[in-house]
Amino acid sequence: MSADPSRVLILSASIGEGHDLPARVLAEGIRDLEPKAQVEIVDSLAIVGGPIERLVREGSRFESAWGNRIFDLEYRLITDLRPTRRLAKVISGRLAGRRIGPAVAARAPNVVVSTYPGSTEALGWLRAQGRLPIPVVSAITDLAALAYWAHPAVDLHLITHPESEAEVRRIAPRSRIECVRGLTSPEFYMPCEPGAARADLGLPDEGPIVVVSGGGWAVGDLAGATEVALGEPGVTVVCLCGRNERVLTELTRRFGGNDRVVVMGFTEQMSELLAAADVLIHSTAGLTVLEAIMRGCRVISFGWGRAHIRVNNRAFAEHGLAEVATDQESLRLGLHRALGDPGSPDDSFARLPTAAGAVLNLAREANPAR
(Lines give C-alpha, C1' and ligand atoms only; values in the text may rest on other atoms or scores of the structure.)
Protein backbone atom coordinates (compact mmCIF):
# COMPACT_ATOMS: atom_id res chain seq x y z
CA MET A 1 0.00 0.00 0.00
CA SER A 2 1.44 3.36 -0.98
CA ALA A 3 1.89 6.04 1.65
CA ASP A 4 -0.52 8.93 1.77
CA PRO A 5 0.95 12.14 0.33
CA SER A 6 2.32 14.74 2.74
CA ARG A 7 0.01 17.65 3.46
CA VAL A 8 1.85 20.90 4.08
CA LEU A 9 0.26 24.24 4.90
CA ILE A 10 2.42 27.36 4.46
CA LEU A 11 1.31 30.62 6.10
CA SER A 12 2.70 33.75 4.49
CA ALA A 13 1.76 37.45 4.44
CA SER A 14 1.23 39.49 1.28
CA ILE A 15 3.21 42.56 2.32
CA GLY A 16 5.98 42.45 -0.24
CA GLU A 17 8.09 39.62 -1.57
CA GLY A 18 9.98 39.02 1.69
CA HIS A 19 7.40 36.49 2.90
CA ASP A 20 5.62 35.40 -0.27
CA LEU A 21 8.77 34.50 -2.22
CA PRO A 22 10.09 32.02 0.40
CA ALA A 23 6.62 30.49 0.60
CA ARG A 24 6.46 29.94 -3.17
CA VAL A 25 10.00 28.60 -3.42
CA LEU A 26 9.45 26.26 -0.47
CA ALA A 27 6.22 24.94 -2.00
CA GLU A 28 7.99 24.27 -5.32
CA GLY A 29 10.82 22.51 -3.50
CA ILE A 30 8.40 20.25 -1.64
CA ARG A 31 6.62 19.30 -4.86
CA ASP A 32 9.96 18.57 -6.52
CA LEU A 33 10.88 16.14 -3.74
CA GLU A 34 7.41 14.64 -3.39
CA PRO A 35 5.33 15.29 -6.52
CA LYS A 36 2.12 14.05 -4.92
CA ALA A 37 2.47 16.27 -1.85
CA GLN A 38 -0.48 18.53 -1.13
CA VAL A 39 0.93 22.00 -0.51
CA GLU A 40 -1.17 25.10 0.08
CA ILE A 41 -0.01 28.67 0.65
CA VAL A 42 -2.39 30.89 2.62
CA ASP A 43 -2.14 34.59 3.44
CA SER A 44 -2.22 34.65 7.25
CA LEU A 45 -3.26 38.30 7.29
CA ALA A 46 -6.35 37.48 5.24
CA ILE A 47 -7.22 34.75 7.77
CA VAL A 48 -6.90 37.13 10.72
CA GLY A 49 -8.67 40.00 8.95
CA GLY A 50 -10.17 42.99 10.74
CA PRO A 51 -8.10 45.74 12.38
CA ILE A 52 -4.94 43.62 12.62
CA GLU A 53 -4.88 43.01 8.87
CA ARG A 54 -5.52 46.69 8.08
CA LEU A 55 -2.88 47.86 10.58
CA VAL A 56 -0.18 45.55 9.21
CA ARG A 57 -0.93 46.18 5.54
CA GLU A 58 -1.07 49.95 5.86
CA GLY A 59 1.83 50.06 8.30
CA SER A 60 4.05 48.09 5.93
CA ARG A 61 4.38 51.00 3.52
CA PHE A 62 5.92 53.57 5.89
CA GLU A 63 6.29 56.18 3.18
CA SER A 64 6.41 59.24 5.45
CA ALA A 65 8.81 60.51 8.09
CA TRP A 66 6.06 60.31 10.72
CA GLY A 67 5.14 56.82 9.61
CA ASN A 68 8.75 55.76 10.10
CA ARG A 69 8.89 57.26 13.59
CA ILE A 70 5.63 55.64 14.65
CA PHE A 71 6.78 52.29 13.27
CA ASP A 72 10.06 52.59 15.14
CA LEU A 73 8.29 53.45 18.41
CA GLU A 74 5.88 50.54 18.04
CA TYR A 75 8.78 48.18 17.43
CA ARG A 76 10.62 49.36 20.54
CA LEU A 77 7.50 48.87 22.65
CA ILE A 78 6.88 45.31 21.49
CA THR A 79 10.51 44.15 21.54
CA ASP A 80 12.72 46.25 23.84
CA LEU A 81 10.50 46.69 26.91
CA ARG A 82 9.71 43.45 28.73
CA PRO A 83 6.21 44.34 30.03
CA THR A 84 4.91 45.61 26.69
CA ARG A 85 6.70 42.83 24.82
CA ARG A 86 5.00 40.15 26.93
CA LEU A 87 1.65 41.88 26.57
CA ALA A 88 2.05 42.18 22.79
CA LYS A 89 2.95 38.50 22.48
CA VAL A 90 -0.06 37.39 24.51
CA ILE A 91 -2.46 39.66 22.65
CA SER A 92 -1.12 38.86 19.18
CA GLY A 93 -0.97 35.14 19.93
CA ARG A 94 -4.52 35.00 21.25
CA LEU A 95 -6.15 37.32 18.74
CA ALA A 96 -4.46 35.85 15.68
CA GLY A 97 -4.49 32.33 17.09
CA ARG A 98 -8.28 32.31 17.43
CA ARG A 99 -8.56 32.76 13.66
CA ILE A 100 -5.51 30.83 12.53
CA GLY A 101 -6.20 27.75 14.68
CA PRO A 102 -9.52 26.83 13.02
CA ALA A 103 -8.12 27.66 9.57
CA VAL A 104 -5.25 25.23 10.11
CA ALA A 105 -7.55 22.54 11.52
CA ALA A 106 -9.90 22.84 8.53
CA ARG A 107 -7.05 22.02 6.14
CA ALA A 108 -5.75 19.08 8.24
CA PRO A 109 -2.06 19.34 7.28
CA ASN A 110 0.69 17.05 8.57
CA VAL A 111 2.87 20.09 9.25
CA VAL A 112 2.41 23.86 9.11
CA VAL A 113 5.14 26.30 8.08
CA SER A 114 5.24 30.05 8.70
CA THR A 115 7.27 32.49 6.60
CA TYR A 116 5.94 35.52 8.50
CA PRO A 117 6.73 36.39 12.15
CA GLY A 118 3.13 37.34 12.94
CA SER A 119 1.81 33.91 12.01
CA THR A 120 4.77 32.26 13.74
CA GLU A 121 3.78 33.96 16.98
CA ALA A 122 0.18 32.76 16.64
CA LEU A 123 1.22 29.20 15.78
CA GLY A 124 3.70 29.14 18.65
CA TRP A 125 1.00 30.30 21.07
CA LEU A 126 -1.40 27.61 19.82
CA ARG A 127 1.30 24.94 20.09
CA ALA A 128 2.24 26.05 23.62
CA GLN A 129 -1.40 25.96 24.69
CA GLY A 130 -1.83 22.42 23.39
CA ARG A 131 -4.31 23.59 20.76
CA LEU A 132 -2.26 22.54 17.74
CA PRO A 133 -1.41 18.83 17.54
CA ILE A 134 0.84 19.04 14.46
CA PRO A 135 4.45 20.25 14.25
CA VAL A 136 5.20 23.88 13.43
CA VAL A 137 8.10 25.20 11.35
CA SER A 138 9.33 28.78 11.26
CA ALA A 139 11.18 29.70 8.05
CA ILE A 140 13.40 32.63 9.06
CA THR A 141 14.79 34.88 6.34
CA ASP A 142 16.17 37.75 8.45
CA LEU A 143 19.61 37.71 10.04
CA ALA A 144 18.65 39.19 13.42
CA ALA A 145 15.78 40.80 15.36
CA LEU A 146 14.13 37.39 15.69
CA ALA A 147 11.92 37.91 18.76
CA TYR A 148 8.81 37.15 16.70
CA TRP A 149 10.45 34.93 14.09
CA ALA A 150 11.37 32.37 16.76
CA HIS A 151 9.18 30.83 19.47
CA PRO A 152 9.95 28.29 22.22
CA ALA A 153 7.03 26.07 21.16
CA VAL A 154 7.98 25.91 17.48
CA ASP A 155 9.30 22.45 16.61
CA LEU A 156 11.77 23.43 13.87
CA HIS A 157 13.41 26.74 13.02
CA LEU A 158 14.90 27.01 9.53
CA ILE A 159 17.53 29.75 9.24
CA THR A 160 19.13 31.16 6.12
CA HIS A 161 22.17 32.72 7.86
CA PRO A 162 24.26 30.44 10.09
CA GLU A 163 24.95 33.53 12.22
CA SER A 164 21.28 33.53 13.31
CA GLU A 165 21.54 30.30 15.29
CA ALA A 166 22.69 31.84 18.58
CA GLU A 167 19.74 34.25 18.76
CA VAL A 168 17.22 31.55 17.89
CA ARG A 169 18.76 29.25 20.51
CA ARG A 170 18.34 31.92 23.21
CA ILE A 171 14.65 32.26 22.34
CA ALA A 172 13.89 28.58 21.73
CA PRO A 173 16.46 26.48 23.61
CA ARG A 174 14.72 23.14 22.99
CA SER A 175 13.74 23.64 19.37
CA ARG A 176 15.52 22.03 16.44
CA ILE A 177 17.45 24.55 14.31
CA GLU A 178 18.71 23.90 10.78
CA CYS A 179 20.54 26.21 8.40
CA VAL A 180 19.09 25.55 4.97
CA ARG A 181 18.92 26.60 1.36
CA GLY A 182 15.76 26.70 -0.70
CA LEU A 183 13.98 29.77 0.64
CA THR A 184 15.10 31.97 -2.22
CA SER A 185 15.06 31.52 -5.98
CA PRO A 186 16.90 28.39 -7.19
CA GLU A 187 18.86 30.49 -9.70
CA PHE A 188 21.03 31.83 -6.88
CA TYR A 189 22.51 28.38 -6.26
CA MET A 190 23.78 28.15 -9.84
CA PRO A 191 26.82 30.00 -11.24
CA CYS A 192 26.14 33.16 -13.23
CA GLU A 193 28.96 34.82 -15.14
CA PRO A 194 28.85 38.63 -14.60
CA GLY A 195 29.62 39.49 -18.23
CA ALA A 196 26.83 37.28 -19.50
CA ALA A 197 24.45 38.72 -16.92
CA ARG A 198 25.28 42.26 -18.01
CA ALA A 199 24.69 41.35 -21.64
CA ASP A 200 21.35 39.70 -20.87
CA LEU A 201 20.21 42.79 -18.96
CA GLY A 202 21.47 45.28 -21.54
CA LEU A 203 23.90 46.82 -19.04
CA PRO A 204 27.37 48.19 -19.93
CA ASP A 205 30.06 45.53 -20.20
CA GLU A 206 32.59 47.85 -18.54
CA GLY A 207 32.52 50.07 -15.48
CA PRO A 208 31.03 49.51 -12.02
CA ILE A 209 27.34 48.72 -11.57
CA VAL A 210 25.50 49.63 -8.37
CA VAL A 211 22.03 48.29 -7.61
CA VAL A 212 19.87 50.48 -5.34
CA SER A 213 16.92 48.67 -3.77
CA GLY A 214 14.18 49.41 -1.26
CA GLY A 215 12.52 46.01 -1.21
CA GLY A 216 9.06 45.26 -2.49
CA TRP A 217 7.63 48.54 -1.18
CA ALA A 218 10.62 50.67 -2.29
CA VAL A 219 11.16 52.24 1.12
CA GLY A 220 14.13 54.36 2.10
CA ASP A 221 16.16 57.08 0.43
CA LEU A 222 16.48 55.56 -3.03
CA ALA A 223 16.97 58.92 -4.72
CA GLY A 224 19.72 59.91 -2.28
CA ALA A 225 21.49 56.57 -2.71
CA THR A 226 21.31 56.95 -6.49
CA GLU A 227 22.79 60.46 -6.35
CA VAL A 228 25.66 59.26 -4.17
CA ALA A 229 26.38 56.35 -6.49
CA LEU A 230 26.46 58.68 -9.48
CA GLY A 231 29.26 60.56 -7.73
CA GLU A 232 31.58 57.62 -8.39
CA PRO A 233 33.22 57.87 -11.84
CA GLY A 234 31.77 55.61 -14.50
CA VAL A 235 29.14 53.99 -12.28
CA THR A 236 25.87 52.77 -13.79
CA VAL A 237 23.01 52.69 -11.28
CA VAL A 238 20.08 50.27 -11.45
CA CYS A 239 17.37 51.63 -9.15
CA LEU A 240 14.70 49.10 -8.18
CA CYS A 241 11.27 50.39 -7.15
CA GLY A 242 9.55 47.09 -6.41
CA ARG A 243 5.78 47.30 -6.65
CA ASN A 244 5.60 50.97 -5.65
CA GLU A 245 4.23 52.77 -8.71
CA ARG A 246 4.49 56.19 -7.08
CA VAL A 247 8.21 55.81 -6.40
CA LEU A 248 8.75 54.37 -9.88
CA THR A 249 7.08 57.43 -11.43
CA GLU A 250 9.01 59.88 -9.24
CA LEU A 251 12.42 58.33 -9.88
CA THR A 252 11.75 57.92 -13.60
CA ARG A 253 10.91 61.63 -13.75
CA ARG A 254 14.02 62.53 -11.77
CA PHE A 255 16.58 60.30 -13.48
CA GLY A 256 14.93 59.44 -16.79
CA GLY A 257 17.26 61.72 -18.76
CA ASN A 258 20.43 60.26 -17.26
CA ASP A 259 21.92 57.49 -19.37
CA ARG A 260 23.84 56.21 -16.33
CA VAL A 261 20.62 55.35 -14.46
CA VAL A 262 18.19 52.52 -15.14
CA VAL A 263 14.95 52.77 -13.14
CA MET A 264 12.98 49.53 -12.86
CA GLY A 265 9.87 48.25 -11.14
CA PHE A 266 9.45 44.72 -9.82
CA THR A 267 11.78 42.27 -11.55
CA GLU A 268 12.18 38.51 -11.76
CA GLN A 269 15.87 38.94 -12.69
CA MET A 270 17.43 39.60 -9.30
CA SER A 271 19.83 36.69 -9.76
CA GLU A 272 21.25 38.22 -12.95
CA LEU A 273 21.22 41.74 -11.54
CA LEU A 274 23.23 40.82 -8.45
CA ALA A 275 25.64 38.76 -10.54
CA ALA A 276 26.17 41.77 -12.82
CA ALA A 277 26.50 44.28 -9.99
CA ASP A 278 29.53 45.23 -7.95
CA VAL A 279 27.61 46.74 -5.02
CA LEU A 280 24.08 46.55 -3.65
CA ILE A 281 22.73 49.51 -1.65
CA HIS A 282 19.69 48.10 0.13
CA SER A 283 17.33 49.42 2.79
CA THR A 284 15.35 46.51 4.21
CA ALA A 285 17.71 43.62 5.14
CA GLY A 286 16.12 40.21 4.49
CA LEU A 287 16.69 37.84 1.61
CA THR A 288 18.12 40.41 -0.81
CA VAL A 289 21.22 40.81 1.34
CA LEU A 290 21.69 37.04 1.46
CA GLU A 291 21.25 36.82 -2.31
CA ALA A 292 23.88 39.51 -2.87
CA ILE A 293 26.33 37.68 -0.60
CA MET A 294 25.75 34.50 -2.60
CA ARG A 295 26.48 36.37 -5.82
CA GLY A 296 29.64 38.03 -4.46
CA CYS A 297 28.08 41.50 -4.62
CA ARG A 298 29.22 43.87 -1.85
CA VAL A 299 26.34 45.12 0.35
CA ILE A 300 25.71 48.45 2.02
CA SER A 301 22.63 48.91 4.21
CA PHE A 302 21.35 52.46 3.87
CA GLY A 303 18.22 54.54 3.70
CA TRP A 304 15.85 53.25 6.38
CA GLY A 305 17.47 51.95 9.57
CA ARG A 306 14.20 51.72 11.49
CA ALA A 307 12.97 49.11 13.95
CA HIS A 308 14.13 45.57 13.02
CA ILE A 309 16.36 47.00 10.28
CA ARG A 310 18.32 48.87 12.94
CA VAL A 311 18.91 45.59 14.78
CA ASN A 312 19.85 43.78 11.58
CA ASN A 313 22.28 46.58 10.76
CA ARG A 314 24.12 45.95 14.01
CA ALA A 315 24.32 42.25 13.15
CA PHE A 316 25.53 43.00 9.60
CA ALA A 317 28.40 45.03 11.03
CA GLU A 318 29.16 42.53 13.81
CA HIS A 319 29.46 39.59 11.41
CA GLY A 320 31.08 41.54 8.57
CA LEU A 321 28.26 40.72 6.15
CA ALA A 322 27.53 44.29 5.03
CA GLU A 323 28.58 47.86 5.59
CA VAL A 324 26.10 50.16 7.29
CA ALA A 325 25.76 53.80 6.22
CA THR A 326 23.76 56.20 8.37
CA ASP A 327 23.93 59.24 6.09
CA GLN A 328 24.95 60.15 2.56
CA GLU A 329 28.54 60.97 3.52
CA SER A 330 29.10 57.61 5.19
CA LEU A 331 27.41 56.00 2.18
CA ARG A 332 29.82 57.78 -0.15
CA LEU A 333 32.83 56.54 1.82
CA GLY A 334 31.43 53.03 2.14
CA LEU A 335 30.63 52.82 -1.55
CA HIS A 336 34.12 53.96 -2.47
CA ARG A 337 35.60 51.23 -0.25
CA ALA A 338 33.26 48.58 -1.62
CA LEU A 339 34.05 49.41 -5.24
CA GLY A 340 37.75 49.13 -4.44
CA ASP A 341 37.38 45.70 -2.82
CA PRO A 342 35.42 43.40 -5.16
CA GLY A 343 33.61 40.43 -3.66
CA SER A 344 33.51 36.84 -4.89
CA PRO A 345 30.57 34.42 -5.05
CA ASP A 346 29.91 32.26 -1.99
CA ASP A 347 28.90 28.78 -3.12
CA SER A 348 28.75 27.36 0.42
CA PHE A 349 25.00 28.00 0.58
CA ALA A 350 24.43 25.62 -2.34
CA ARG A 351 25.79 22.77 -0.21
CA LEU A 352 23.31 23.23 2.63
CA PRO A 353 20.38 20.84 3.13
CA THR A 354 17.09 22.01 1.64
CA ALA A 355 14.23 23.63 3.52
CA ALA A 356 11.82 21.40 1.62
CA GLY A 357 13.64 18.27 2.75
CA ALA A 358 13.63 19.43 6.37
CA VAL A 359 9.87 20.10 6.28
CA LEU A 360 9.07 16.73 4.69
CA ASN A 361 11.31 14.90 7.19
CA LEU A 362 9.43 16.54 10.05
CA ALA A 363 6.09 15.60 8.52
CA ARG A 364 7.23 11.97 8.24
CA GLU A 365 8.54 11.91 11.81
CA ALA A 366 5.21 13.22 13.05
CA ASN A 367 3.34 10.57 11.03
CA PRO A 368 5.50 7.41 11.15
CA ALA A 369 2.65 5.27 9.79
CA ARG A 370 2.83 7.05 6.41
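Among contacts in the protein chain between residues at least 6 apart in sequence, 66% join residues at least 24 apart, where contact means heavy atoms within 4.5 Å. Buried residues make up 54% of the 370 residues; here buried stands for under 20% relative accessible area, exposed for over 50%, and partly exposed for what lies in between, with a 1.4 Å probe and protein chains only. The model is a predicted one, in which local features need pLDDT of at least 70 and side-chain atom pairs count only at pLDDT 80 or more, while totals for chains, interfaces and linings use all residues. Residues are numbered from 1 along each chain as its sequence is written, and side-chain values use heavy atoms, with hydrogens and water left out.

The secondary structure comes to 15 helices and twelve strands. These elements are DSSP runs numbered from the N terminus, with helices (H or I) of at least four residues and strands (E) of at least two.

Helix α6, residues 117-128, has twelve residues and reaches 16 Å from its first C-alpha to its last, close to the 16 Å expected at 1.5 Å a residue; the expected span is 1.5 Å times one less than the number of residues. Nine of the twelve residues of α6 are buried, leaving the helix mostly covered. Among them are P117, E121, W125 and L126. Just after α6, G130 takes a positive phi of about 75°.

Helix α15, residues 355-366, also has twelve residues, and reaches 17 Å from first C-alpha to last, close to an expected 16 Å. Its buried residues include A355, G357, V359, L360 and L362. What covers the buried residues of α15? The cover includes the helix α1 (17-33) and the strands β1 (7-12), β3 (111-114), β4 (136-140), β5 (156-159) and β6 (176-179).

R181 lies in the loop between β6 and α8 (194-201), and is partly exposed, with a relative accessible area of 27%. Leaving aside neighbours within four places in sequence, R181 is in contact with Y189, F349, A350, L352, P353, T354 and A355. R181 and H161, 20 residues apart in sequence, are 9.5 Å apart in space, C-alpha to C-alpha.

Next, a pair of helices. The axes of α9 (residues 222-230) and α10 (residues 245-255) come within 11 Å and cross at roughly 30°. Such axes are lines fitted to C-alpha atoms, for helices over the stretch in contact, with angles from 0 to 180 degrees between N-to-C directions. The crossing angle therefore makes α9 roughly parallel to α10, a label for angles under 35 degrees, where over 145 is roughly antiparallel, 65 to 115 roughly perpendicular and the rest oblique. On the α9 side, the contact is made by L222, A223, T226, E227 and L230, and on the α10 side by V247, L251, R254 and F255.

Finally, two alanines. Where is A218 found? A218 sits in the loop between β7 (209-213) and α9. A218 has a positive phi of about 55° although it is not a glycine, and is buried, with a relative accessible area of 6%. A145, in the loop between β4 and β5, has a positive phi of about 60°, again without being a glycine. Is A145 buried or exposed? A145 is buried, with a relative accessible area of 12%.
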